[in-house]
Amino acid sequence: MIERLLVLYPSGYRAAYGREIADTYREMTAGLSHGARLREGADLAAHALRVRSGLGSADPLGRFLASAAPFALAAAAVIAGIRLTRWCAGVVASPTPVWLSLRTLDGVGALSLLCSLLVCVGAIVALTSRWAAGTAAAVSGLVGTGVLALSAEWLYEGGGLVPVTAVLTIAVVLACPPDLRPGEGASAAAGAMGGAAWLPVAAVEAGAVDGVSTEYGAWPLLALTVTGIVLALRARSSGLRETGAMLVASPPLAAHALAGAWYDSEPIAVLVLVLPVVTVLAMAVRARRRAR
């Protein structure tokens, strides 16, 4: 079995580390059950594919996606949280008793709420304690959301953009190398961004704040943009990695903002362009420094 798994590695990597990988695999699986050996083989195959695709912890792309993953997860949780908040606010504001609203909720609507809840809970678990378990729950919720958006587009603001953003977020989260899971600092920053993006919108949706509108849906995207700039300033870097990571994490928030301003998209279009423009400027500054 190990010989077939080694073929998945690039030839150069296999020539350099193949014998060591095979010996380690045989040592680890000696005496294990068939199911345990299959799990170890699956982990090894996943590592081989990561190395082949340049997504390992030693590759620049792998390290970059690892820095973006917690923010992508937090961004998805913000949108899921907004959906849950709007539903709760609607139930509370309705003259219909809460128990009757829950009883009359159809299967598709209930499944949509469950998927949003999975994304929120999964993101909280991933960013506070257990990354693997949390991302598994969040990815399950995102898969369900994407499928439901394809079959029941009326449930989601943004319509056809929802499955696309779900797939992009899943790709970023799953591309994070297992040995480069976010540390406490990155998790705290992503959690703070998520809280800052969701809480004001939730307060407005719940009617706790008067005279403020969330029609444009710009605040969550603005919170993500500011987070990238603050991280770049703290690191005293060119900002390329930080703003690039925020750009990769931004699809759910950008889609939400564009969907909320379909009748007047110019202000949001300008805001959506901020992250790409800042990233390009950071690349230009970095290239100029290297030229010197």
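# Briefing on an all-helix predicted model

Not counting residues up to four places away in sequence, Tyr13 touches Gly18, Ile21, His47 and Val51, where contact means heavy atoms within 4.5 Å. This is a predicted model, in which local features need pLDDT of at least 70, side-chain atom pairs count only at pLDDT 80 or more, and totals for chains, interfaces and linings use all residues. Residues are numbered from 1 along each chain as its sequence is written, and side-chain values use heavy atoms, with hydrogens and water left out. The chain has 14 helices and zero strands; helices (H or I, at least four residues) and strands (E, at least two) are DSSP runs, numbered from the N terminus.

**Chain totals**

- Of the 292 residues in the chain, 42% are buried; buried means under 20% relative accessible area, exposed over 50%, and partly exposed in between, with a 1.4 Å probe and protein chains only.
- The chain exposes about 15,700 Å², and carbon and sulfur atoms supply 65% of it; accessible areas come from the Shrake-Rupley method with a 1.4 Å probe, and for residues only the protein chains shown count as cover.
- Among contacts between residues at least 6 apart in sequence, 71% join residues at least 24 apart.

**Nonpolar cores**

- The largest nonpolar core has 46 residues; such a core is a set of buried Ala, Val, Leu, Ile, Met, Phe, Trp, Tyr and Cys residues joined through side-chain atoms within 4.5 Å.
- Phe71, Leu73, Trp131, Met193 and Leu253 have the most contacts inside this core.
- At least two residues of the core come from each of α4 (60–93), α6 (107–128), α7 (131–151), α8 (161–175), α9 (184–205), α10 (219–235), α11 (240–249) and α12 (251–260).
- The largest share, 17 residues, is supplied by α4.
- Another core, of eleven residues, lies apart from it, and Ile2, Leu44, Ala48 and Val51 are among its members.
- In soluble globular proteins, nonpolar side chains tend to be buried together.
- Leaving aside neighbours within four places in sequence, Leu253 is in contact with Ala75, Val78, Ile79, Pro220, Leu221 and Leu224.

**Helix α2**

- Tyr13 lies in helix α2 and is partly exposed, at 28% relative accessibility.
- The C-alpha atoms of Tyr13 and Ala48 are separated by 9.5 Å, although the two residues are 35 apart along the chain.
- The salt bridge count is one, the criterion being a side-chain nitrogen of Lys or Arg within 4 Å of a carboxyl oxygen of Asp or Glu.
- Asp23 and Arg26 form a salt bridge through their side chains, at 3.9 Å from N to O.
- Asp23 and Arg26 are separated by about one helical turn, because they are three residues apart in helix α2 (residues 11–29).
- Asp23 is partly exposed at 44% relative accessibility, and Arg26 is partly exposed at 42%.

**Helix α6**

- α6 has 22 residues and reaches 31 Å from its first C-alpha to its last, close to the 32 Å expected at 1.5 Å a residue; the expected span is 1.5 Å times one less than the number of residues.
- The buried residues of α6 are Gly109, Ser112, Leu113, Cys115, Ser116, Val119, Cys120, Gly122, Ala123, Ala126 and Leu127.
- The cover over these buried residues includes α4, α7 and α9.
- Ser116, at 2% relative accessibility, is buried; beyond four places in sequence, Ser116 touches Ala80, Arg83 and Leu84.
- Leu111, Leu114, Leu117, Leu118 and Val121 make a nonpolar surface patch of about 400 Å².
- Patches are made of residues with over 30% relative accessible area and no salt bridge, with like charges joined within 9 Å and nonpolar side chains (Val, Leu, Ile, Met, Phe, Trp, Tyr) within 5 Å.
- Leu118 is partly exposed, with a relative accessible area of 32%, and Leu117 is partly exposed at 43%.
- Leu117 and Ala137 are 20 residues apart in sequence and 9.5 Å apart in space, C-alpha to C-alpha.

**Helix α10**

- The 17 residues of α10 should span 24 Å at 1.5 Å a residue, and the end C-alpha atoms are 24 Å apart, which agrees.
- Pro220, Leu221, Ala223, Leu224, Thr225, Thr227, Gly228 and Ala232 are the buried residues of α10.
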